[in-house]
Amino acid sequence: MTKSQKMIYIALLAAQGVVLSLVERMIPSPFVFAPGAKLGIGNLITIIAIYTLPFKDSFTVVWMRLLMTTLLGGTLSTFLYSCVGALLSYIGMLVIKLLGSNKVSVIGVSATGGILHNLGQLIVASTIAQSWTVLLYLPILSFMGIMAGIANGIIANYMMAHINTLKFFRKNQLKNKTSH
């Protein structure tokens, strides 16, 4: 794989993540019992990046998606919530993927990301509100994060098995991992 191919792939993943995040922002929350809960479809791209790119490059995808989504209609507060949620989620998914590579599937890694994303956002909210009572909402959001994470994991798993470009980059990532 050439450097140009890799750069184009990173840019395309980031662009897809931005589009999915913007589309999701337009959809009203489908969860009446969990105000503010979203499906997290933009995180689908983060999962794919984690499984098809090295750490540095997948991190680039996450940052590009965060910055571009904020610039295309976000505010400083949405950036703060998204940033902390995305970073905590990203780090947690990487750790689970690395430590449990033989025991945890893409779906499990994605579900972990869903929980941690919500935890990160609630930490920001409780810091802004200067009250830890905001964290009482964590069980509801954790359930929603698990469900959204499972859905995203299933979709990511399917896409990586059936889309030739994703299969190519995943195979390349596995080859590079075993050669080091």
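These questions and answers cover the pockets, the cavity and a surface patch of a predicted model.

Student: How much space lies in the largest pocket, and which element gives the most to its lining?
Tutor: The largest pocket holds about 860 Å³ of space. Its lining draws two or more residues from each of α1, α2, α3, α4, α5 and α6. The top contributor gives eight residues, and that element is α5.

Student: Which residues are the closest to the centre of the largest pocket?
Tutor: Start with the lining of the largest pocket, which has 37 residues. Those closest to the centre are Glu 24, Lys 38, Ser 82, His 117 and Gln 121.

Student: How many residues lining the second largest pocket are charged?
Tutor: The lining of the second largest pocket includes four nonpolar residues and one polar residue. The charged residues number three.

Student: How many cavities of 30 Å³ or more does the structure hold, and how much space lies in the largest?
Tutor: The structure holds one cavity of 30 Å³ or more. Among the residues lining the largest cavity are Asn 43, Arg 65, Tyr 90 and His 117. The space in the largest cavity is about 40 Å³.

Student: Which element gives the most to the lining of the largest cavity?
Tutor: Three helices each supply at least two residues: α2, α3 and α4. The lining divides into four nonpolar, four polar and one charged. The element that gives the most, with four residues, is α4.

Student: Which residues form the nonpolar patch on the surface?
Tutor: The patch has about 370 Å² of accessible area together. One of its residues, Ile 27, lies in the loop between α1 and α2. The members are Val 19, Val 23, Met 26 and Ile 27.

Student: Why does Ile 27 count as partly exposed?
Tutor: Buried means under 20% relative accessible area, and exposed means over 50%. Ile 27 has 38% relative accessibility, so the label is partly exposed.

How values were computed. Residues are numbered from 1 along each chain as its sequence is written. This is a predicted model: local features need pLDDT of at least 70, side-chain atom pairs count only at pLDDT 80 or more; totals for chains, interfaces and linings use all residues. Side-chain values use heavy atoms; hydrogens and water are left out. Patches are made of residues with over 30% relative accessible area and no salt bridge: like charges are joined within 9 Å, nonpolar side chains (Val, Leu, Ile, Met, Phe, Trp, Tyr) within 5 Å. Accessible areas come from the Shrake-Rupley method with a 1.4 Å probe; for residues, only the protein chains shown count as cover. A salt bridge is a side-chain nitrogen of Lys or Arg within 4 Å of a carboxyl oxygen of Asp or Glu. Buried means under 20% relative accessible area, exposed over 50%, partly exposed in between (1.4 Å probe, protein chains only). On a 1 Å grid over the protein atoms alone, a cavity is a set of points where a 1.4 Å probe fits but cannot get out, and a pocket is an open set with protein on both sides within 12 Å along at least five of seven lines; lining residues have an atom within 4 Å of a point. Grid points are joined across faces, edges and corners, and a volume is the space filled by probe spheres set on the points. Ala, Val, Leu, Ile, Met, Phe, Trp, Tyr, Cys and Pro count as nonpolar, Asp, Glu, Lys and Arg as charged, and the others, Gly among them, as polar.
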